[in-house]
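Hi there,

Here is the structure I promised to pass on. Please have a look at it first, and then read on for my notes.

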Amino acid sequence: MQIPYHTKVSLQEYYENFFAHSIPDFSDKCPICGGADCATFLGYYIRAAICPITGFSVLDLPILRYLCHDKGDVRVCDHITFSLLPHELVPFRQLSLNFMVKAVWFKVNKNLSFTRLIEVIEDELNQLDDVADFINISTILSWQRMITAAFALFLSADVNMVSGFQYKQLQNTDNLQLFLDHLINHQFRISNHPIRGPDAFAWNYYQQSGGIEQNAFFLFGCASQHRN
């Protein structure tokens, strides 16, 4: 089971100071079964994480992992472990959500060809080596499909994240560009720490959809507990 984890720092800081941070405690309530003094810390696994906008790229980003001992009686899924995925990332994708959304925004907003889009991404969004090392036309298409699916999920959900007028605009026009604009400009405040842009929108959606308590769906990507 995967849970979004608000790190309150950048991916770079999370990575560089991982072993200095305190381990989140789920002794009050296990996210899987609801039991007290149930979930125990197992350690971590590693995965790749890339954010071309900030120039961050590692193959060994640690992800915290826990074990459920099934002491509660309100199981939300059949998994026995859960992991905490930094909120800047999407399940089963290496690139940051912010980068993927902004890349598709350029494609849709400026109606660019894929060849021109890759040039624009290189100029506007990339602080790493050659952009062709980690993206191609197929990957960009997959990001657009992911965002289009998120748009449909958002329209079908009972969440209060945009004004009534804006929601009607999104419903009536089926306008992916307008949805992308909302993603990029969204702000959300939690524990006195603001999150902005697509990360904020995804986090806000998850919380308003029930969060851990209801094993809510991620807005972008499909977490392990919801995959067939």
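Which residues in α2 meet which residues in α4? L97, F99, M100, V101, A103, V104, K107 and V108 in α2 meet I140, W143, Q144, M146 and I147 in α4, where a contact means heavy atoms within 4.5 Å.

Before the rest, a word on the ground rules. This is a predicted model, in which local features need pLDDT of at least 70 and side-chain atom pairs count only at pLDDT 80 or more, while totals for chains, interfaces and linings use all residues. Residues are numbered from 1 along each chain as its sequence is written, and side-chain values use heavy atoms, with hydrogens and water left out.

**Helix packing**

Axes here are lines fitted to C-alpha atoms, for helices over the stretch in contact, and angles run from 0 to 180 degrees between N-to-C directions. Helices (H or I, at least four residues) and strands (E, at least two) are DSSP runs, numbered from the N terminus.

Helix α4 (residues 137–156) also packs against helix α6 (residues 176–185), at an angle of about 85° and with the axes 11 Å apart. That makes α4 roughly perpendicular to α6. On the α4 side the residues are Q144, I147, T148, A150, F151 and F154, and they meet L176, F179, L180 and L183 in α6. By class, this contact has 8 nonpolar, 2 polar and no charged residues (Ala, Val, Leu, Ile, Met, Phe, Trp, Tyr, Cys and Pro count as nonpolar, Asp, Glu, Lys and Arg as charged, and the others, Gly among them, as polar).

**Cores**

A nonpolar core is a set of buried Ala, Val, Leu, Ile, Met, Phe, Trp, Tyr and Cys residues joined through side-chain atoms within 4.5 Å. Buried means under 20% relative accessible area, exposed over 50%, and partly exposed in between (1.4 Å probe, protein chains only). The largest such core has 41 residues, and I147, F154, F179 and F220 have the most contacts inside it. Its largest share, 8 residues, comes from α4. Not counting residues up to four places away in sequence, I147 touches M100, V101, V104, L176, F179, L180, L183 and F220. A second, separate core of 30 residues includes L11, I32, A39 and A216.

**Cysteines**

How many disulfides does a search of the whole structure find? The search finds 0, taking a disulfide as a pair of cysteine sulfur atoms within 2.5 Å. The cysteine sulfur closest to that of C68 is in C30, 3.7 Å away and too far for a bond. C68 counts as buried, at 6% relative accessibility. C222 is in no disulfide either, as its nearest cysteine sulfur, that of C77, is 12 Å away.

Most residues other than glycine have a negative phi. D70, which is not a glycine, has a positive phi of about 60°. D70 lies in the loop between β3 (56–67) and β4 (81–86) and counts as partly exposed, at 44% relative accessibility. N215 also has a positive phi, near 50°, and lies in the segment after α7 (197–208). At 7% relative accessibility, N215 counts as buried.

Definitions and conventions
Angles under 35 degrees count as roughly parallel, over 145 as roughly antiparallel, 65 to 115 as roughly perpendicular and the rest as oblique.
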